[in-house]
Amino acid sequence: MTNALRALDIDLHLHSQTNARAHEERGPLALVRGEGVHVVDDSGRRYIEGMAGLWCASLGFDEARLADAAARQMRTLATYHTFNHRTNDACVALAEAISAISPIRGGRIFFANSGSEANDTMVKLAWYYNAARGRPEKRKIISRTGAFHGSTVMGAALSGLPHMHRAFNLPDQGVVFTACPNHARHAGPGESQEDYATRLSAELEALIQAEGADRIAAMIAEPVMGAGGVILPPETYFPKIQAVLARHDILLLADEVICGFGRTGNWFGSQTFGFMPDMMSMAKGLSSGAIPIAAVALSDRIYQAVADQSAEVGVFGHGFTYSGHPVSAAVAAEAIRIYHEIDVVGRARRLGAHLRAALDEALAGHPLVGEIRSVGLLAGIGLTADPATGRDFDPALRVGAQVERRCLAHGAIIRNMGDNIALCPPYVIEPDQIDALVERLRAALDDVADALSRDSLAA
């Protein structure tokens with residue numbers, strides 16, 4: 001990128017999830033090329049992309065088959081919509097491919113363009129479903145502290161992250177929050193994972209009683225809380241939660257935007273953690289991040305109520321211009337074909353075991369590392385000022401951000417969420433590349449530990 005283009009980026013581009021004033025000073029990291037698990041910046045520096053971009057480039061950054069699928073479809077039918085009974089071959093083929101692997105059987109697939117849109121759609125469908133049953137007062141949605149469900153108005157309202165709400169003056173969307181299932185951080189002294197899951201289900205029961213079950217439509221949950229810090233729930237958490245919801249006629253919506261398509265060692269995270277959602281959203285890995293597309297799988301119970309209501313009203317009044325876009329659908333269908341060919345579930349399990357072993361070996365006893373969490377090819381590292389006591393760093397130190405910057409200097413891209421480090425590499429990563437990624441993360445952690453030690457001695 002030329003200096004002129006860099007200046008234009010600073011002058012013209014409002015970046016997502018970025019400190020705008022800091023960007024004016026720092027400027028962009030300009031990436032110009034992708035090579036498998038690597039990305040290359042405008043100076044020619046190569047980075048192992050340990051986050052698959054934003055949890056999505058499952059097949060790396062230059063998969064030729066996805067480009068070919070897009071080109072073929074562009075030459076055949078470059079665009080069309082799916083309103084008013086229209087369809088296209090690619091859209092139908094993708095619906096079939098998703099249905100074949102979805103744990104939700106016998107329902108329907110609705111297409112959108114982003115995870116935020118898909119989550120908005122699930123909420124609207126929950127409202128539509130209850131209105132169709134003569135229960136329009138069932139509107140509230142339960143989410144969880146620390147959740148991330150998107151950046152649209154509804155997606156942000158569902159997200160239990162303070163910066164998603166701060167200063168936006170979001171309208172009251174009837175969202176109520178229950179606890180984040182983080183055993184390491186929030187369990188009581190001596191409280192087992194099983195007892196902790198039981199307590200959280202009791203707290204959910206109490207919340208429902210306080211709010212009124214007849215006023216709650218659904219609960220939305222990520223199988224693994226990604227942007228909240230790669231938080232894995234206790235093993236029995238979701239079955240206990242689902243039992244509470246079922247008793248009160250409350251739908252369970254799975255946000256599979258990060259967890260879907262093999263990431264947790266099953267096709268979907270709901271399978272890994274033992275629950276059956278009424279609806280689930282998917283995006284990111286659906287097209288390996290190569291082109292915008294998302295989807296919602298809804299159960300037959302939801303579909304039948306929606307279909308009856310649309311017949312009564314005369315139309316199902318929801319959709320997007322690019323729902324089921326033929327080029328996006330063709331790319332996503334090709335991605336799913338590749339996932340089958342590489343045995344993405346088995347590959348995520350094998351590579352995930354290697355990643356966990358490498359992290360355990362490299363980070364054992366590190367003075368900044370309090371906890372390592374992993375499932376499938378997804379990992380989180382909790383940073384702490386004192387691993388023995390779990391004492392947190394002063395947030396003003398921004399230790400996680402320091403580690404992320406030092407990783408860049410060592411040629412690796414990771415992501416920090418506060419003082420949690422996330423790793424979500426593409427499935428095409430090889431074991432030796434995992435080792436290199438972990439070595440670079442260890443070097444970054446060492447750099448930050450040394451800097452903190454020097455600062456402490458100077459003080």
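**Notebook: a helix pair and a sheet**

I looked up H10 and H11 in this predicted model and found them roughly parallel to each other, because their angle falls under the 35 degrees cut-off. The axes of helix H10 (residues 193-211) and helix H11 (residues 237-247) come within 9 Å and cross at roughly 20 degrees. Axes here are lines fitted to C-alpha atoms, for helices over the stretch in contact, with angles from 0 to 180 degrees between N-to-C directions. Helices are DSSP runs (H or I) of at least four residues and strands (E) of at least two, numbered from the N terminus.

I then checked the contact (heavy atoms within 4.5 Å). On the H10 side I noted Leu200, Leu204 and Ile208, among others; on the H11 side, residues including Ile241, Val244 and Leu245. By class, I have eight nonpolar, two polar and four charged residues in this contact.

Next I turned to the sheet. It is open, has four strands in the order E11-E12-E15-E14, and pairs antiparallel. E11 (369-374) and E14 (415-416) are at the edges with a single partner strand each, so one side of each has no neighbour in the sheet. E11 pairs with E12 (residues 379-383) over five bridges, in the antiparallel sense; pairing needs at least two DSSP bridges between two strands. I found Ile381 in E12 as the bridge partner of Ile372. Helix H15 (residues 344-363) packs on the sheet and touches E11, E12 and E15 (420-423). The direction of H15 makes about 170 degrees with that of E11.

For my records: residues are numbered from 1 along each chain as its sequence is written. Local features need pLDDT of at least 70, side-chain atom pairs count only at pLDDT 80 or more, totals for chains, interfaces and linings use all residues, and side-chain values use heavy atoms, without hydrogens and water.

Note on methods
Angles under 35 degrees count as roughly parallel, over 145 as roughly antiparallel, 65 to 115 as roughly perpendicular and the rest as oblique. Ala, Val, Leu, Ile, Met, Phe, Trp, Tyr, Cys and Pro count as nonpolar, Asp, Glu, Lys and Arg as charged, and the others, Gly among them, as polar.
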